[in-house]
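Me: I'm new to reading protein models, and I'd like to know where the labels come from. Can we go through some of them together?

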Amino acid sequence: MKKQFIKVVLSCAVIAGGFTVTSCNKSSGSSKNVSRATGWKINAKEGGFQFNTDFKEQETAPGLVFVEGGTFTKGKVQDDVMHDWNNTPTSQHVQSFYMDETEVTNVMYLEYLDYLKSVYPPENPKYTNIYTGALPDTLVWRNRLGFNETMTNNYLRHPAYAEYPVVGVNWVQATQFAEWRTDRVNEAMLEKEGYLAKDAKYQAVSGEVQGTFSTEAYLNRPESVYNGQIDSLQGKQKKDSTATYAKRSSGVIMPEYRLPTETEWEYAAQANQGTREYNNYRGRKKYPWEGDYTRNGNRVGRGDQLANFKQGKGDYGGIAGWSDDGADITAQVKSYKPNDLGLYDMAGNVAEWVSDVYRPIVDDEISDFNYYRGNIYMKSAIGEDGKVNVLRDSIVYDTLPNGKIVAVNLPGEIKMVPVDEQETYLRTNFDSSDNRGYRDGDAGSSRFFDRFSDEEDEDDPNARKMYDSPRHKVERDSAGSLVRQYDKSNNRTSLINDEVRVFKGGSWRDRAYWLDPAQRRYLPQYMATDYIGFRCAMSRVGSKSKTKNKTPRGKKAR
């Protein structure tokens, strides 16, 4: 009996590193549908806790490429002939994310415009500014001493330019496109998983149902979607009363499309994952491709340009038929080889908006993990009924400083308001809604703050800024005419403010100097040019790598 007892104990022992750990309870956590917290059944027919235990990993959404996160040196430029002093190298870590394979093209943006035109007809005075506010500025092609009317009239809509990157889009419009794309992709995902009926997404476009789909409205008040007509558009999942509507815990809803942060964009452009050489890891890779030159050094294609950029004064492509880079303005996407991550045109073609507010100095002392300047924390507005406030016909418009009117929200979306003391009280990680000027431009940035501006804002006496850019006011009167009030102060010392955004990468108009992924420039978020486009990104939820390691680190799989 004694020998048998010893045998049983040893069969339950695991000896590792000199320590003996006993565990005979094989049933613990053996079933993914049994709670390791309570031992209750999960997803039982009898009721109780319901949760998606079959989720594998985040699906790659349309148009995106997976970028595994890691560490890199941000801001390491090979040349600084401009002496901007805005590229101090900093060590940063980026979480895994997804990024568009190419820049957003004309045909992709036209799909957006067509949707807005169908769902919110511009001939309806209530909706006019929704469509017109999203239109790219095609006049960016004009030049006082150049003939570019062909692009002005044709670049956006002619099929010859369908797969060319869209330009003339300001930062605000690019952000709104990403929000629209999020809703359309999640609408398709819900249809795919049976939460919406087949082709339900087209009924809003055709006018068969009123209203449209908003991701956040669906998650918070699903009965409000499609202007309250969602019951008639539900799919096969409705047969199961517990799965009438998808929830965030269902794992079906994708994270939002958005503009990449500057850190993400630079990390993806460098593509150091392709080679693990020491020099690349230390941030000494000059371009998104290997080598220090802009021409192909391989045997096949030797001498060909590796990107679309301006090679010299009056030289936008090279000598025809010899050193030509294949484009005099923008080029069709995928005209050049991708970088090691499979991303196209991360240098040249068009420069690209990123989400960050511009500052000359990157404050890595406060954050070296997913660095980003531009956070404005918002929350859902709660109505008198205790539920989130879904906006119906109340459309809020904003007049940009250049006079362009854009819609702040679309009908059917949730009303958002800044976070208040309820969320910030006694917190150490944030204490306000708007953090764009944190540690660089607000009153707490410098002991000598008062020296930077001796002029106060009439509306906000405490709004004196280190970056005291002009404060123009542009509004439209009841007749729609622009009313301009220019800031004529002689004390302004900068054009930098909280509405100036970073754009990255060289373009067809730029010399090779700007092809370095670490180079950075800025432009007011309401302005557009013929050389700035954009691409979208999406955060990854779950594991860092797409290939999950089922075996805990440090243990061998049996």
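**Salt bridges, strands and a loop**

Reply: Let's start with a pair: the side chains of Glu-191 and Lys-201 meet in a salt bridge, 2.9 Å from N to O. Glu-191 sits in helix H5 (residues 171-192) and Lys-201 in helix H6 (residues 200-206), so the pair ties together parts that are 10 residues apart in sequence. Keep in mind that this is a predicted model: local features need pLDDT of at least 70, side-chain atom pairs count only at pLDDT 80 or more, and totals for chains, interfaces and linings use all residues. Residues are numbered from 1 along each chain as its sequence is written, and side-chain values use heavy atoms, with hydrogens and water left out.

Me: What is a helix or a strand here?

Reply: Both are DSSP runs, numbered from the N terminus: helices are H or I with at least four residues, strands are E with at least two.

Me: Is Glu-191 buried or exposed, and what about Lys-201?

Reply: Buried means under 20% relative accessible area, exposed means over 50%, and partly exposed is in between (1.4 Å probe, protein chains only). Glu-191 has 17%, so it counts as buried. Lys-201 has 18%, so it is buried too.

Me: And why is Arg-248 called exposed?

Reply: Because its relative accessibility is 55%. Arg-248 forms a salt bridge with Glu-216, at 3.5 Å from N to O. The pair links distant parts of the chain, 32 residues apart: Arg-248 is in the loop between helix H8 (225-228) and strand S7 (257-258), and Glu-216 is in helix H7 (residues 215-220). Glu-216 has a relative accessible area of 37%, so it is partly exposed.

Me: Which parts does the salt bridge of Arg-520 and Glu-262 tie together?

Reply: Their side chains meet at 2.6 Å, N to O. Arg-520 lies in strand S16 (residues 520-524) and Glu-262 in helix H9 (residues 262-270), so the pair ties together parts 258 residues apart in sequence.

Me: What makes S16 an edge strand?

Reply: The open sheet has 4 strands in the order S16-S15-S8-S17, with mixed pairing. S16 and strand S17 (532-533) each have a single partner strand, so one side of each is left without a neighbour in the sheet.

Me: Where is Val-390, and which residues does it touch?

Reply: Val-390 is in the loop between strand S9 (378-380) and strand S10 (397-399). Its relative accessible area is 12%, so it's buried. Contact means heavy atoms within 4.5 Å. Not counting residues up to four places away in sequence, Val-390 touches Arg-221, Ser-224, Gly-412, Glu-413 and Ile-414.

Terms used: A salt bridge is a side-chain nitrogen of Lys or Arg within 4 Å of a carboxyl oxygen of Asp or Glu. Two strands pair if DSSP finds at least two bridges between them.
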